[in-house]
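Reader: Could you walk me through this structure, starting with whatever I need to know to read your terms?

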Amino acid sequence: MQHSDHVMGDVERWCPHLRNGATLITVNQRLARHYQRRYDEWQQQSGQTVWETPNIVSWSAWLLQLHDEALCEGWTDAAVLSASLDDRLWRLAVESVDKQHDAPVLDKSAAAHLAKAAWLIQHAWHCHVGEDVQLSLDQHLYREWSKAFRRSCHEHHAVDASRLAHHLRSILQPMVDEAAIPKQLLFAGFLTPTVEQQTWWHDLTEQGVTVTLLEPQAQPVSPAHHAFLDDAAEWRAAASHARALLEESPGSSIGLIVPALQAHRTDVLRAFDAVFFPGQNPARIQQLERPYDVSLGVSLAEQPVVRSALIMLRFLTEAIPASEVTSLLLSPYFLNATRAAVKRRKLDRLLRDDRRWELSAQELIDQKRYTDFLDSGLAEGLQKALKSLSVNKLSFREWSSLFGRLLQKQLGWPGTQFDSLEFQAVTVLNQVIDELEALDDGQAVTAPVAVTELQRLCGQRVFQPETPRAPIQIMGRLESHGILFDHLWITGMDVTQWPPKTAATALIPKALQHERGVPEASAPNRLHAALAEWQHWCRLAPTVVASRALTRDGQPLLPAACVTGLPLADNDDLLGASSYPNLVEHIALSTQLQAVADTHGPAMVEGDHVKGGARRLEDQAKCPFRGFALHHLGIKELEEPGMGLDPRGHGNLLHAALEKFWLTVKTSAELHSLSEESCELLVNQCIDHAFDENAVEPELRALEQPRLFRLINDWLNVEKSRLVGFRVEAVEQKHEVDDFGFTIKLFIDRIDQLDSGERVIIDYKTGRNNRPADWALERIESPQLPLYATIDKAVDGVAFAQVAQNEMQFKGVTAEKNLLPRVSTKVSGDHSPQDWDEWREHWQSSLQLLAGEIREGVATITPSPKACQFCELKPLCRYRQDEESSAEFPAGDLASGMADHNGEGV
């Protein structure tokens, strides 16, 4: 890759020193790799084919190098704590102090994290608090935690990373005298050096070491100032500009700085993918290799292959949420994932239908109706893994060995086919599993504790995959320091993002932090650091663009102080800013849509059975496409597991309890003869029967029993108020109807024979939206009861039994008044039939119309006014029922064809 003179010109200032044995120390590992590449390019351009690798390391890596040398030479005998053990000792310190105080810390892990961060600031900036200083409660606790942590380090005869610089500075002279530290050191990228780093430079100079701070030597440029509507438009413009620059000069180095990259990483990457790979999915883009690299890594636990392993370990040790069980069943990383994919998807649907809120591997294996959907290999692997984890307690060293073995040997993780990114993630996870050994202090822990520790380690490990060198670098603020480019774009130059909003730790007195120069401690410190950063950015490239969003979340944004004085440039002047239109817009502008009236599915054959019972007619009435999709195509919305019972579960319990009650109490006379105590006892027995029949868990029974008892008891009071005596002739009776050219199976909730000779059909409803007036519509949307009335000429009335709290009543139509309380021969409405014979005639005509549509396969998207309100098929039909589409295609117009989102045929 060729660089401009701006990038290559400054190498002569430091490359010869490295060739002569100097060490270059950078602020972070990314900058170290940058300087290493530039040194290699300098050697190549000098005509060299072989050269000695220079010592270019980050500050933290250099300290570890010095410590290793000090150990070998005997200048120190203290080990350095591993990151995992460091975290564990802080948690143990918090826990040990917490036991001695009356006010316990609620989240000890969070407290340990804050304490560790404060400990780092304390030693990096020399914020040491005297014993006589008055402290707040939190600061006092932090002092006690620090003392406990120091004692733990002393017991382990180790030094932590935060104190390593101070520890090594105490043995600086022998390291310089014995040439462990070379006579010349170069430092790069230290815009705001800590007090500890400045002290090191001073002490090194005192020991005769030449210390040189590398800074870009170019004159600062005046950035071009651009503003865009919002963040998305800003990132897309940056991507388009980067692509245009790369096409014009493939050897260019291009940088993009996103101050809030951690929060917007996914959105920025999506914008670049849309510009560079329009229409491609992420998996395909990964194969093609992006010409841009995002500097900020993500948590290892967020990688899909790692996340699946961690969820599986938790699944083996405890019950996990149903959503995570779904991710395991659909995961491609376990044994026989491809071959058994269909069965596992069916198992996922079964668990959803059962409304399993959570599930463990042991519960899955114990139920045959679930294991029938697991292939023998995975079922056997789960059994072996459960047996391996059945031990009570093991050391962290033993758990480390066991976790890796059961994942790979017994469960086939991570499968046989994975890409480079997944391979790297698996490699790092295996390293983290090995790190569990560092936590081994001789104490045995349970499997859930070990899994929790492993998950915490993975959450803290930043995963930055190794990718081929990319010409476009997308970076956060800190990652950009010291890196030179041919072109640089700085985003987010508004007052909400620059200067960056950071907060000082509350565990160290704020005044002391401000005095020591901690950037986060005060507004002046933050502003000073931000100005130094801005001036540094203006020296990193010969062309710099500074951009900002005009609005965010609908709110206007003011420009940051650093760009306020810069004139606002025309966005059209940016090369390529409008050269790559949105793919969807491009297709819409270049494509002509053709309407196709696809209004019918296959017609039915005489004698066919129709699935869904009366619901088939109901869905056909609401929308022919809905009826066809749900019952002919078999489309079914996936259930969402939830806690407790859903409305359907509540309804099933009520039906079962009332069925049991009326099988025992068969007449109104028997109902009236029951004493209050006898009735309550019987109702409770019926409720217990319903619980057993529906396999309700004991915890839910305690919650549901009082509610169900009140409902049934109140409803029985409604039954007692009936003026005409009755006998329950049948409950939950099954019928088959073949009057429409096909067969429908029906279940009648209840048939009553009145003492006056009439028969009425009753359908229990636990909801409140029951409208007999809908039976008078041309297309009956609640056809169940009218259908019952048409198949039995001896029926003299139909009614909903609305068993809803505070709204219990019969709603329906009867041949005569007062056969049921408050039920008459008519309902409200201008076009309601006036007597029972008219009702029968209307129902027969309407049902025959719906049946004819079903026989002919009519599947038009012509919903009734309220059909779309709770319809689960919207993503499939794409019909938008707004004023425009409703006016153009009124409900009931079967000739309009299948509608897209504008109501037109597709």
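Author: Buried means under 20% relative accessible area, exposed over 50%, and partly exposed in between, with a 1.4 Å probe and protein chains only. This is a predicted model, in which local features need pLDDT of at least 70 and side-chain atom pairs count only at pLDDT 80 or more, while totals for chains, interfaces and linings use all residues. Residues are numbered from 1 along each chain as its sequence is written, and side-chain values use heavy atoms, leaving out hydrogens and water.

Reader: OK, what share of the 906 residues is buried?

Author: Buried residues account for 50% of the 906 residues in the protein.

Reader: And the overall build, why is it called more spread out than a compact globule?

Author: The protein has 36 helices and 24 strands, where helices (H or I, at least four residues) and strands (E, at least two) are DSSP runs numbered from the N terminus. Its radius of gyration, taken over C-alpha atoms, is 37 Å, well over the 29 Å that the globule rule (2.2 Å times the number of residues to the power 0.38) gives for 906 residues, so the protein is more spread out than a compact globule. Along the principal axes, the C-alpha atoms fill a box of roughly 115 × 70 × 55 Å.

Reader: Switching topic, which strands pair with β14?

Author: Two strands count as paired if DSSP finds at least two bridges between them. Strand β8 (residues 254–257) runs parallel to β14 and is joined to it by 4 bridges, with G255 opposite Q473. Strand β9 (residues 292–294) also pairs with β14 in the parallel sense, over 3 bridges, and there Y292 has I472 as its bridge partner.

Reader: Which way do the residues of β14 point, and are they buried or exposed?

Author: In β14 (residues 472–475), I472 and I474 point one way, Q473 and M475 point the other way, and all are buried.
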